[in-house]
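Colleague: Walk me through this model, please. I want to know how to read its features.

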Amino acid sequence: MHLQTKALVLRETAYKESDKILTLLTQEAGRLTASARGCRRKGSPIAAGSQLLVWSDVVLHEYRGRWTVQEAAVDREFRGMREDLEKFSLGCYFAEVTELLVVEGLPCPELLSLLLNSLHALDRLDRPLGLVKAAFELRAMCLAGYEPLLDACAVCGAPEPEPPLFHLNEGVLCCAACGEGEGASRPLDAVSLAAMRHVVYGDPKRLFSFSMNGESMALMARACEDFLLTQLDRGFRTLDFYKQLDMG
């Protein structure tokens with residue numbers, strides 16, 4: 001069986017002397033694992049398309065349940081992201097989260113689109129990295145079935161809780177005066193809440209079209225990251241590496 005599709009490399013693992021095992025996110029078939037034979041040899045025609053976070057037109061061959069990359073023509077390298085270690089490490093974090101959320105063999109066009117748009121933002125858009133990261137995390141949670149309820153206080157129904165608290169386990173808002181509820185919460189302000197509502201309820205094509213000041217950005221960044229980590233109940237090595245770079 002042959003499959004011609006577009007694919008992004010989510011993960012690469014060196015194998016034998018000149019091969020790689022790739023985790024691909026494809027347009028047609030969602031996440032697939034494929035071997036890229038000889039891609040580490042000098043002059044290999046599939047070398048460029050077998051690099052991490054490269055978007056390519058590929059031809060895959062399946063035999064006895066195993067996929068092999070036969071052709072790979074690069075469409076987008078995201079060179080501006082690749083040449084900046086902090087941006088590239090953040091892109092790797094996005095890929096690790098996406099790999100966890102998608103299902104082997106099932107198309108996931110919305111998550112693929114989110115990932116590509118987020119890599120484009122790192123590559124070409126002049127947006128703060130914290131803004132891109134928070135928007136990706138929150139939108140990814142929405143697409144994975146963890147969409148939070150941000151329209152009003154979950155206790156009293158006030159449309160603009162003052163001050164607002166975001167509950168990480170329940171994924172709801174409440175006024176500070178309405179109580180802490182169950183589990184941990186994170187404080188927000190009016191600006192960070194408006195930005196989170198934009199990500200959850202707004203046009204996905206305008207996902208990164210908002211601006212914030214430092215304090216509000218920090219509140220949103222903490223809330224979105226902690227919401228993702230709480231809901232998925234695990235950490236990410238790529239996130240740890242990104243934080244080490246950011247602190248440095």
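**Reading burial, barrel and charge pairs**

Modeller: Start with E96. E96 is buried, at 16% relative accessible area. The model is predicted: local features need pLDDT of at least 70 and side-chain atom pairs count only at pLDDT 80 or more, while totals for chains, interfaces and linings use all residues. Residues are numbered from 1 along each chain as its sequence is written, and side-chain values use heavy atoms, with hydrogens and water left out.

Colleague: What are the cut-offs for buried and exposed?

Modeller: Buried means under 20% relative accessible area, exposed means over 50%, and partly exposed lies in between (1.4 Å probe, protein chains only). R234, at 33%, counts as partly exposed.

Colleague: Which residue forms a salt bridge with E96?

Modeller: First the rule: a side-chain nitrogen of Lys or Arg within 4 Å of a carboxyl oxygen of Asp or Glu. E96 pairs with R234, the closest N and O atoms being 3.3 Å apart. E96 sits in helix α2 and R234 in the loop between α6 (214-232) and α7 (237-247), so the pair ties together parts 138 residues apart in sequence. Helices here are DSSP runs of H or I with at least four residues, strands are runs of E with at least two, and both are numbered from the N terminus.

Colleague: How many salt bridges does the rule give?

Modeller: The count comes to 15. Another one joins E12 and K20, at 2.7 Å, N to O. E12 is partly exposed at 32%, while K20 is buried at 10%.

Colleague: How far apart in helix α6 are D226 and R222?

Modeller: They are four residues apart, which means about one helical turn. Their salt bridge has its closest N and O atoms 3.8 Å apart. D226 is buried at 16%; R222 is partly exposed at 46%. Salt bridges can also share partners: K133, E137, E225 and K243 form one network this way.

Colleague: Now the sheet. How do strands pair?

Modeller: Strands of a sheet pair through backbone hydrogen bonds, either parallel or antiparallel. The working test is at least two DSSP bridges between two strands. Here five strands close into a barrel, in the order β1-β2-β3-β5-β4, with mixed pairing. The twist averages 50° from one strand to the next. β1 (residues 2-15) and β4 (residues 55-63) run antiparallel, joined by seven bridges. K6 stands opposite D57 in β4.

Colleague: Which strands does α3 touch?

Modeller: α3 packs on the sheet and touches β1, β2, β4 and β5 (66-76). Contact means heavy atoms within 4.5 Å. The direction of α3 makes about 65° with that of β1. Axes are lines fitted to C-alpha atoms, for helices over the stretch in contact, and angles run from 0 to 180 degrees between N-to-C directions. Helix α2 (residues 85-101) lies across β1, β2 (19-26) and β3 (30-36), at about 115° to β1.

Colleague: How many residues are in the largest nonpolar core?

Modeller: Such a core is a set of buried Ala, Val, Leu, Ile, Met, Phe, Trp, Tyr and Cys residues joined through side-chain atoms within 4.5 Å. The largest has 75 residues, and V69, F166, M196 and M220 have the most contacts inside it. Helix α4 (residues 129-146) gives the most to this core, with 10 residues. Leaving aside neighbours within four places in sequence, M220 has contacts that include A134, A135, M196 and F210.
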